[in-house]
Structures are given as C-alpha cells and as structure tokens.
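Hi everyone, thanks for making time today. Let me put the chain up on the screen, and then we can walk through a few places in it together.

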Amino acid sequence: MEYNHREVENKWRKYWAENKTFKATEEGDKPKYYVLDMFPYPSGAGLHVGHPLGYIASDIYARYKRLEGYNVLHPMGYDSFGLPAEQYAIQTGQHPRITTENNVARYRDQLDQIGFSFDWDREVRTSDPKYYKWTQWIFKQLFNSWYDRTQNKAVNIHELILEFERNGNAIVKAVCDDDVPQFTAADWHAYSEKEQQTILLKYRLAFLADSWVNWCPALGTVLANDEVKDGLSERGGHPVEQKLMRQWSLRITAYAERLLQGLDKIDWSDALKDQQRNWIGKSKGASVKFAVDGHDGQIEVFTTRPDTIFGVSFMVLAPEHDLVAEITTDEYKDKVNAYVETASLKSERDRQADVKNITGEFTGAYAIHPFTGDKIPVWIGDYVLASYGTGAVMAVPSGDQRDWEFATHFGIEIKNIFKDKDISEGAYAEKDAIIANSDFLNDLPAKKAIGTAIKAIMDKGIGVGKTNYRLRDAVFSRQRYWGEPFPVYYKDDMPYVLEGDYHVELPEVDKFLPTEDGDPPLGNADKWSWCINKKIVKDNDQQNKTCTFPLELNTMPGWAGSSWYFLRYMDANNEGEFVSKDKADYWNQVDLYIGGSEHAVGHLLYSRFWTKFLYDLGKISFDEPFKKLINQGMILGRSSFVYRIKDTNQFVSHGLKNNYETTPIHADISMVTNDQLDIEAFKNWRPEYANAEFILEDGKYICGHEVEKMSKSKYNVQTPDDLVEAFGADTLRCYEMFLGPLEQSKPWDTQGINGVHNFLRKFWRLFHNEGVMQLDDSEPDKKALKTLHKTIKKVKEDLERYSFNTVVSAGMIAVNELNEQKCNNRHILEQLTVLFSPYAPHICEELWEKLGHSESISFAKFPEFNPSFLEDDSFEYPVSFNGKMRFKLELPTSLSKEEVEKEVMAFEKTQQYLDGKSPKKVIVVPKRIVNVVV
C-alpha cells in the first residue's frame with residue numbers, strides 16, 4: 001500500500017482534535033516547557049508559505065520536548081485588532097468584527113491543515129471583550145501607579161497621595177514630568193480636585209500629554225514609527241505629517257535602565273539586543289541652559305560632550321520647538337514658517353535618516369554663551385526632533401560631523417577647540433584629543449575635561465550632570481474604532497478610570513470614520529457615556545444627564561493586547577483575574593519564543609515593559625517575559641515579470657527586451673510555469689490585457705524573475721493549501737525546514753519539494769513489502785544500530801542548538817542507509833518513527849499505530865543515544881608505500897600498533913609491493929593509516 005497523505009493526515013487531525021492530545025495542564029511532576037509563536041494578525045489573504053516557517057519550527061520543538069518528558073504549553077491565538085479590518089469596514093460598511101471572524105476561520109483552517117500541536121482550548125483573540133477587559137485592567141493599574149525612584153519600582157498612586165497629604169512633594173523622588181511644581185501639604189489640601197488630578201497626571205504611568213505624533217489624515221489616526229515608511233503610511237501609502245496632539249502615553253522611560261540591564265539575563269541574539277540598546281540609547285553628559293538675547297526664554301540642551309562647550313558656534317532648534325515662534329524675527333518669519341510647514345510633513349524616522357540633504361533656516365535670534373557671553377546664532381533644522389531630548393542642540397562643528405556639514409553648508413564659523421587636530425576636511429569626533437581655545441579647559445584631555453566642564457556648569461548654576469535616554473514615552477492613543485476602548489471617563493475635563501472590575505465594550509456605530517466635528521469614530525456612538533451608577537447610558541437620556549460623564553473616544557494601539565498575551569495563555573479561561581498567581585508561577589517565563597525580527601523594538605520592548613510593571617505589582621514572579629528568542633528569517637517570493645513596450649499594449653519576451661524601451665510589470669505566478677507565461681491566462685487576467693500582443697522567443701513568452709518579499713501586490717504569493725493538497729502537510733513541514741537555517745531569509749522554490757516528498761514515501765516503504773506491513777522482530781544487526789544511533793545523536797544535538805534544517809538531511813541519510821541494508825527491523829523502525837515524529841507527525845502517528853500502539857506517539861519517549869553502537873569492531877586501513885596508497889586491509893580495532901604492523905607485513909600484497917626489499921620504517925596511526933617506507 002502506497003502512502004496516502006490525504007487520508008492519513010485527515011485521520012490524525014481529527015484524532016488530535018477529538019482527543020485533545022495537546023491539551024496542557026498544570027498537574028503532574030514533569031518539568032514545564034513553554035513554547036510560543038508571535039501570534040498572527042488574521043489578514044484577509046490568509047497564510048502564505050512564509051507565515052508557517054516559525055510555527056513549524058516551534059511545533060517541532062514543542063513535540064520534541066514532549067518526547068523528552070516535559071509538560072509542554074504550546075498555545076495559539078490572534079492579534080485580531082488592526083487597521084486593515086477597519087479600512088475594509090470604511091470601504092464596504094461590513095463591521096470589523098465580522099471581517100475578523102471570517103479571517104480567523106480561514107487562518108484556523110489553514111493552521112489545522114499543517115498539523116500543529118496547539119492547545120486550542122487556550123486560544124485568545126485580542127478583540128474578544130473577554131480578553132480586552134483584562135487589557136483595560138492592566139491600563140487601569142498603570143493609571144493608578146507612579147514610579148518611585150527610591151524603591152526603583154512602580155507603586156500604587158495612593159501611596160503618593162498620602163505623601164502629598166503629609167509632606168507635599170519636596171522629598172518625593174519620582175519619574176515624572178519636568179514641569180511639576182513644588183508644593184507643601186497645606187498647598188495640596190488647598191488645591192481643588194481638578195488641580196490635584198492635574199498634578200497626579202504628571203506622575204501617573206499612564207497619562208495624558210501633548211505629544212508630537214505621526215498623524216495620517218487619510219487614515220484619520222496616529223501611527224507608530226514602525227507603521228511609517230518614507231513619510232507614508234505602511235498601510236495604504238498615505239502621507240504622514242507631524243502633529244502636536246493630546247494623547248495617552250505610557251511612561252516607559254521610567255523603566256529605561258531596567259530594560260537595559262534585563263538584556264543581560266536573556267538568551268537573545270547579540271544583534272537583537274543591540275537594536276534594543278540603541279533604541280533605549282543611554283548616554284551620560286550634562287543639561288545646559290543658554291539665555292536668549294532679548295527674551296526671557298532659555299534654550300536647554302543635553303550634550304554628551306560638555307568639554308566642547310567653547311566650540312559652540314550656533315544653536316539648532318527643532319522646527320516644532322516652543323521658542324521658534326517667539327524668538328523668530330520679522331525679517332525671517334516667512335522663511336521659518338515655510339520651513340516648519342515642510343518639516344511637519346516628514347516623519348521622525350525620515351528626518352533622522354536623511355543625512356544627505358542639509359536644510360535649515362536662521363531665526364534671526366541669538367543665544368548667549370554661558371561662559372564667554374558671545375552671541376550665538378539660533379537656527380532651526382529638521383534633523384533635530386522636538387520629541388527627543390530637549391528639542392535643541394548646541395552645535396559644535398569641530399567635534400560633530402553633522403554640525404560640521406551644517407556649518408560648512410551655511411557658511412557658519414567653525415571654531416577649532418582641539419590641539420593639533422586638522423578640522424578643515426571634517427569634524428574630529430574622538431574623545432582622545434587635547435582641548436584648546438577653551439579657557440579653563442585648555443590642555444586637558446577630553447575625557448578629563450568632560451568632568452571639569454560638568455562641575456563648572458553646575459557651579460555656575462546653568463545646568464546639571466545628567467544621564468539621558470533616547471527612549472521616549474510610548475504614545476498609547478489611536479483615533480480609530482477597531483481597538484481596545486479605554487476604561488476612562490472625563491469629569492471637569494480630567495480623566496478618571498472606571499472603578500473596580502468595571503470595563504467598557506466597543507459600542508455599535510453607523511460610521512467608522514471620524515465624526516463631522518473631527519472626533520474619533522467612537523464619537524458616532526449614541527451610547528458612550530458613563531453614569532455614576534456604573535452603567536453606559538444614552539446621551540439623550542435626560543434622567544441621567546446629571547450623573548453621566550463622557551467616555552474616552554480614542555482606542556488603544558495595536559500593541560496593547562500583544563504586550564501581555566503570553567500571560568493570558570497560562571490561564572486563558574479565568575474570568576476572575578488576568579492570570580492566577582499559581583499558574584503564572586508554574587509556567588513562568590516563555591522558554592522559547594519564535595517570531596519575526598520586525599518586532600525587535602516594538603512588541604518586544606513593550607512586552608518587557610509590561611512584564612516588569614506587573615512584576616513590580618507582585619502579580620507575577622518574573623520580570624522578563626521571553627527567556628530564549630529566535631527571529632526566523634523571511635521566505636522570499638520568486639516574482640515573475642512581463643515587459644510592456646513603452647506607449648503600447650505589446651509585451652516582449654525577456655530575452656528580447658533590451659531591443660526595446662520597456663516597463664517591467666508583475667505577473668501572477670499562477671500563470672507562469674518554469675518562467676513560461678500562459679498567454680491566454682494573462683490576457684484573461686485583466687481587461688486592459690485582453691487585446692495585448694506578444695513578441696515571443698522560439699514561440700514562447702519567457703518571463704523575467706526576481707527574488708522579493710512575498711506580497712499580494714507583487715502577485716508572488718504561494719499559499720500552503722495547494723502544496724498540502726498535492727504533497728501533504730508533513731512534506732511541507734519538512735521542506736520549509738530543509739530550505740536552510742531558520743534565522744536566514746531564503747527564496748521559495750518548489751523544485752526541491754519532490755525530493756522531500758520522496759523521502760517520506762521511502763520512509764513509509766521501509767515498513768512495507770509490496771504494500772503489506774512486514775517487520776522483522778529479531779535482534780537488530782550492528783549496521784542498523786549504528787545508523788539509528790548516529791541519527792539519534794545528530795537529531796538531538798541539532799535540535800538542542802535549533803538547527804532545524806540539518807535534521808531533515810540526517811533523516812534522509814538514515815532512510816537511504818536502512819534501504820541499502822534492506823532493514824525492516826521493528827526495533828530500529830520504531831525508534832526512527834519517534835525520532836521523525838516532530839517533523840512529520842501525521843505519517844509517524846499512522847506508523848506508530850500500525851506498530852501496535854494505542855496511545856498517540858506524542859506520549860512516546862525520545863530515543864536514547866548509546867555511543868557504544870558507533871564503535872566499530874574493525875577498521876579498513878589504507879596501506880601506502882612511500883606515501884602512495886596501494887590497497888586497503890580490514891583489521892580488528894582492538895589490535896595494538898605492533899599487531900597492526902605484524903598483520904600488514906604478513907599480508908600477501910605487502911610482499912608484492914616490497915618486491916624483495918626490507919622496509920626502512922612502518923608508520924601506523926591506529927584507525928587512520930599505515931605507511932610503509934621502503
């Protein structure tokens with residue numbers, strides 16, 4: 001009987017579902033192991049072959065750990081809030097919930113086809129009210145917490161209020177806004193409720209503040225930096241501009257140092273850790289204030305090089321800086337205003353990345369140097385960001401290359417403050433120079449001058465020594481419908497969170513666009529107020545007018561639900577708390593987390609932040625979420641191109657395109673076989689191509705090709721569905737691993753899939769003779785045992801170092817060797833079946849059952865390696881004469897060097913090559929070579 005993958009895979013998928021084979025519990029004395037994938041956003045297109053890459057790897061490892069005797073938690077769910085479903089709702093009127101449910105159903109069907117060992121009883125969806133009520137609960141804890149520098153942790157806001165009532169804030173050491181006024185206990189008691197709440201907002205970990213954000217008018221929402229590419233929204237390609245908006249933010253900056261220190265405790269790649277370190281951006285230096293000539297305002301800067309303060313020849317403010325409008329003179333106002341407008345259309349990322357174009361405008365104002373009293377021109381430039389640091393820099397062109405290029409471009413004086421250093425061709429940025437032309441810093445090495453300068457700055461009262469971080473507080477508001485609603489209402493324009501266990505669910509709305517007044521889509525709801533009797537009421541309900549307060553109209557960002565979902569999996573059906581302490585203690589950290597590198601500084605940083613916060617509250621016993629992290633590479637698509645001749649509807653074949661002026665156009669890969677275009681299918685693809693003409697090569701239209709990111713827009717998407725139907729899920733699983741190392745990106749190419757499919761069929765045939773199961777129950781021979789145990793050793797070693805691709809190669813070698821040995825020994829094949837089951841679970845379950853087992857192979861024991869089976873009883877020595885190999889001689893490995901020499905000299909062929917001569921020397925290297933020197 002040949003292997004029928006459709007029949008076998010359907011059978012075992014049904015068996016696993018009905019028997020809940022992979023259901024995890026917290027019972028028993030097995031050690032735990034928590035394997036997790038970054039859960040997907042369920043898009044309308046479903047999965048393509050690149051998506052399951054990490055899922056397959058994690059599933060292999062989860063199955064392996066079960067066989068190793070671990071109690072494995074391997075869950076799956078959906079990051080189901082997202083902008084695409086909302087955009088589809090705007091276009092079609094279909095509620096995002098319906099779109100999301102349809103997409104989830106499609107994903108689930110595809111995931112089931114591939115045979116993943118997920119515990120589906122723990123499925124979570126971030127858009128499920130039963131889930132996001134706990135996201136709201138965590139937000140409420142953030143709102144009701146402040147960061148105590150003395151304890152170096154988050155503390156309940158009630159403790160801060162008690163301190164204010166007793167002593168005011170004079171001795172409070174907190175991470176808070178810079179503009180908090182100092183007040184006494186008497187002052188605090190004299191404040192109105194609104195004044196007290198205003199002050200508390202400056203301390204809360206979740207707070208309202210005016211922030212510069214990436215505003216996309218077309219989408220009607222704020223976008224995160226990683227959702228903006230080249231000044232356009234990643235979704236839809238719409239223009240994005242900088243806008244100052246009142247937004248919810250989370251005070252992640254309070255955790256900056258702990259986020260840095262925590263990287264030393266986790267097993268992540270150095271590259272990923274460096275990305276996080278760079279994003280957090282710790283630097284030490286000084287904060288310095290420069291007076292502005294003719295104005296009361298001051299320009300505050302942070303510099304890591306206070307030793308260069310005498311080299312300041314101009315100042316640069318961010319275009320959005322508060323002082324720009326105040327200090328700009330009438331002469332320069334028009335140019336400055338125009339520049340500010342242009343800068344507002346660029347994203348922060350674009351402004352930082354654009355180092356080639358030097359732009360700026362002089363404001364007409366001057367700052368006063370705090371030591372020399374010299375006037376320093378004040379410019380604006382878009383490479384300075386209002387949201388980073390103070391939004392201003394002291395420009396030292398002799399010591400900073402960007403300042404040097406700015407000064408050179410605009411003809412600003414460049415003062416050389418370094419002894420014996422030539423700055424005519426560029427700045428000198430190293431810290432090994434001797435300081436010159438700098439008054440009391442003259443002749444000091446730069447590193448010593450830094451400390452001296454900080455002391456002088458502090459003595460003069462113009463600044464302080466300071467540690468700064470590039471990390472900024474996380475904007476936490478989105479002006480859209482399909483997201484977690486905030487559990488916040490407003491009283492006297494001040495935010496309050498719903499008390500106790502109360503939460504809010506998204507209301508029904510007729511429109512998913514902003515209101516006519518410009519409010520977010522939740523403003524379209526007719527039931528979006530909070531009553532003091534804890535009920536949402538209609539706005540026009542006159543009886544409740546006196547007790548109702550408006551609810552927050554913004555929703556949370558996409559990363560809210562994904563910042564803690566790994567905790568919910570531990571206790572997914574708990575209605576009384578987000579996770580019980582016992583279950584959180586049991587499952588603890590995620591032992592292995594696999595996902596894409598695009599989340600290096602977004603999701604991963606926020607998850608670490610929320611974990612540390614919940615740890616501070618005593619809700620969980622660990623402060624890092626993911627112990628081991630692997631970023632899988634991307635499976636790239638192989639795009640096909642046709643070439644349209646300019647200003648015609650003619651298409652020329654790839655080999656002839658250089659004879660014409662052409663435009664390459666993506667063609668759907670479903671119409672291309674071995675680079676040959678199905679012309680009729682192409683003409684039927686789109687109306688504009690119906691009458692297209694083709695210039696052929698040897699009667700064929702040959703397409704060009706290019707390896708690119710797999711994307712619907714490039715028509716190069718390969719779905720797993722067709723491959724599972726044609727070759728089976730086990731083949732797909734093995735093939736995706738066989739393509740190359742998990743961490744590397746690689747092009748998708750189905751040409752090798754037949755080889756993997758044949759490998760599984762050959763494995764099946766080891767058990768069968770002419771379609772009938774036929775096994776040898778005798779003791780296995782030494783050759784078969786050697787093949788088995790070298791494979792056990794190889795598979796275990798490779799899995800322990802996450803080398804998933806080489807295991808498939810080892811499996812192929814083992815099957816080929818056993819075929820050559822004509823091995824059908826039950827013991828050998830039974831062990832081999834367990835060994836291969838993490839990669840090809842369906843075929844291995846079927847064979848395991850045929851071997852007489854009634855329980856799933858998932859509960860078998862991983863084979864133990866016995867090194868004695870790799871030891872050979874004999875060795876075939878290559879025998880050389882004067883370095884030239886003449887013959888081979890098999891001898892027992894137990895022989896000594898002297899005994900090997902004796903056997904070689906007694907062998908008849910030796911005498912033939914000696915030709916009557918006596919050897920000068922016989923060199924024996926045991927288990928290697930014999931060389932006879934004549």
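Let's begin at S145, which sits in strand β3, residues 145-148. Strands here are DSSP runs of E with at least two residues, helices are runs of H or I with at least four residues, and both are numbered from the N terminus. Before going on, a word on the source: this is a predicted model, where local features need pLDDT of at least 70, side-chain atom pairs count only at pLDDT 80 or more, and totals for chains, interfaces and linings use all residues. Residues are numbered from 1 along each chain as its sequence is written, and side-chain values use heavy atoms, with hydrogens and water left out.

Back to S145: is it buried or exposed? With a relative accessibility of 2%, S145 is buried. Buried means under 20% relative accessible area, exposed means over 50%, and partly exposed is in between, with a 1.4 Å probe and protein chains only. Setting aside neighbours within four places in sequence, the contacts of S145 are V155, N156, I157, Y203, R204, L205, F613 and L617. Contact here means heavy atoms within 4.5 Å.

Now compare another strand residue, A291, found in β11, residues 282-292. A291 has a relative accessibility of 34%, so A291 counts as partly exposed. Not counting residues up to four places away in sequence, A291 touches G297, Q298, Y366, A367 and I368. Take I368 from that list: A291 and I368 are 77 residues apart in sequence, yet their C-alpha atoms are 5.4 Å apart in space.

Next, a sheet. Four strands form an open sheet in the order β37-β36-β39-β38, and the pairing is mixed. Two strands pair if DSSP finds at least two bridges between them. At the edges are β37 (884-892) and β38 (921-925), each with a single partner strand, so one side of each has no neighbour in the sheet. From one strand to the next, the twist averages 20°; for angles, axes are lines fitted to C-alpha atoms, for helices over the stretch in contact, and values run from 0 to 180 degrees between N-to-C directions. Strand β36, residues 874-881, runs antiparallel to β37, and 8 bridges join the two. Y877 is the residue opposite L889 in β37.

On to the packing. Which residues touch the most other members of the largest nonpolar core? They are F476, F763 and F804, in a core of 175 residues. A nonpolar core is a set of buried Ala, Val, Leu, Ile, Met, Phe, Trp, Tyr and Cys residues joined through side-chain atoms within 4.5 Å. Helix α2, residues 52-67, gives the largest share of this core, with 9 residues. If we leave aside neighbours within four places in sequence, F804 is in contact with A57, I60, Y61, M737, L742, L799 and Y839. Apart from this core lies another, of 39 residues, including L323, A365, A367 and I454.

Now the charged pairs. How many salt bridges does the structure hold? There are 54, where a salt bridge is a side-chain nitrogen of Lys or Arg within 4 Å of a carboxyl oxygen of Asp or Glu. One of them pairs E725 with R6, and their closest N and O atoms are 2.8 Å apart. That pair links distant parts of the chain, with E725 in helix α21 (residues 720-727) and R6 in helix α1 (residues 5-19), 719 residues apart. Both ends are partly exposed, E725 at 46% and R6 at 40%.

Within helix α1, R13 and E9 are 4 residues apart, about one helical turn. Their side chains meet in a salt bridge at 4.0 Å, N to O, and R13 and E9 are both buried.

D571 and K583 also meet in a salt bridge, at 3.3 Å, N to O. D571 is in the loop between α17 (565-568) and α18 (581-587), and K583 is in helix α18, so the pair ties together parts 12 residues apart in sequence. D571 is buried at 7%, while K583 is partly exposed at 27%. Salt bridges with shared partners join E26, D119, R122, D571 and K583 into one network.

Last, the cysteines. The structure holds 0 disulfides, a disulfide being a pair of cysteine sulfur atoms within 2.5 Å. C823 is buried at 9% relative accessibility, and C216 is buried at 0%.
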